[in-house]
Amino acid sequence: MSTTPAPAPTQPAGHPERPLRIATVQTQAVAGDISANAEQAAALIREAAGAGARLVLFTEKFLSGYEPELIRADPLKYTVQNGDPRLAPIAEACRETGTVAVVGAAVQDGADLRISALVLGSDGGFVTRYDKQYLFKSERDLYRPGTAGCTLELDGWRLGLGICYDSGFPEHARAAALDGCHAYLVGALFSRGHGHHESRTWFPARALDNTLYTVLANHIGRTGPWHTCGGSAVWGPDGRLIAEASEDRREVVVVDLDPAVLRTTRENETLLADLALAAGQPAAPRTHVTLA
């Protein structure tokens, strides 16, 4: 991974040629049971792949559930690593179906803990890891923030990754857009009440500000101290809602990201093309990964 930032473009670099079918999924995470949640993830991947999805997005820390006290008490038990045998069901489902999975987990990174999104490729292999850059106030005493963004390339689409609170900061999605991303994929935990309001404000705003698709995977039920609000959803590059799951049911939401819609929106809404970056403003480093 290069830590030398490339000059940020002032407009997106090209458009994909074909639609990309993706799935955002929600189900009740089993508290602290990584093996059980990996089995659930594998079943959801197969279900989404059966509907033609090439990529499946899961929620923040899905593999353990959002369980800060469990993780604090026994990090080795409730975090995962590249090569963790408990990830085998997910790898097998990806390999069997030719699907990419982006799965939320707590990760032990040397002496530090991270909130991460693990990317498993269509061959079942570990591809990369994105670490949450903007930590919520209750997370800062346990986790350390990530230091780089992450862009995936799949079938001509550039996909920027985020995790929950990242999406509340316009700069985070903007960095993805300036890196040429066509969509912004976020696994999250939004709770009932204010969290629902936040997600319904942030995601359409990030979409329209950057004329890209935004995709949310949110928890359902209770996880850790939170009573979550579901509503996993996809917004178009004009900020309009395309598809949305229920508040509390297990669901797989499958949507086609359409290059014609992306192109037309960017022709009509010229926000990125008109953006003038301040002279000398540094761009944060990003990890770039091309997926098969």
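## A buried tryptophan

Trp157 counts as buried, at 0% relative accessibility (buried is under 20% relative accessible area, exposed over 50%, and partly exposed in between, using a 1.4 Å probe and protein chains only). You'll find Trp157 in strand 7; strands here are DSSP runs of E with at least two residues, helices are runs of H or I with at least four residues, and both are numbered from the N terminus.

This is a predicted model, where local features need pLDDT of at least 70 and side-chain atom pairs count only at pLDDT 80 or more, while totals for chains, interfaces and linings use all residues. Residues are numbered from 1 along each chain as its sequence is written, and side-chain values use heavy atoms, with hydrogens and water left out.

So what does Trp157 touch, not counting residues up to four places away in sequence? Its partners include Pro16, Arg18, Pro19, Leu20, His182 and Tyr213, where a contact means heavy atoms within 4.5 Å. Leu257 is on the list too: Trp157 and Leu257 are 100 residues apart in sequence, yet their C-alpha atoms are 9.1 Å apart in space.

## The nonpolar cores

Leu152 is another partner of Trp157, and it takes us to the largest nonpolar core, which has 57 residues. A nonpolar core is a set of buried Ala, Val, Leu, Ile, Met, Phe, Trp, Tyr and Cys residues joined through side-chain atoms within 4.5 Å. Leu55, Leu152 and Leu159 have the most contacts inside this core. Strand 8 (residues 183-188) gives the core its largest share, 5 residues.

Apart from that core lies another one, of 27 residues, with Ala41, Leu87, Cys94 and Leu118 among them. Back at Leu152, and leaving aside neighbours within four places in sequence, its contacts include Val102, Val119, Thr128, Val289 and Leu291.

## Loops worth a look

Here's a bit of background: most residues other than glycine have a negative phi. Now look at Asp155, which has a positive phi near 55°. Asp155 sits in the loop between strand 6 (149-154) and strand 7 (157-163), and it counts as partly exposed because its relative accessibility is 29%. Thr211 isn't a glycine either, and its phi is positive at about 45°. Its loop runs between helix 6 (194-210) and strand 9 (213-218). Is Thr211 buried or exposed? It is buried, with a relative accessible area of 1%.

Thr211 also meets Glu269: leaving aside neighbours within four places in sequence, Glu269 is in contact with Leu208 and Thr211. Glu269 belongs to the loop between helix 7 (259-268) and helix 8 (271-274) and counts as partly exposed, at 35% relative accessibility. Glu269 and Gly168 are 101 residues apart along the chain, and 22 Å separates their C-alpha atoms.

## The whole protein

Zoom out, and the protein has 8 helices and 15 strands. Of its 292 residues, 55% count as buried. Its C-alpha atoms fill a box of roughly 50 × 40 × 40 Å, taken along the principal axes.

Among contacts with a separation of 6 or more, 70% come from residues 24 or more positions apart.
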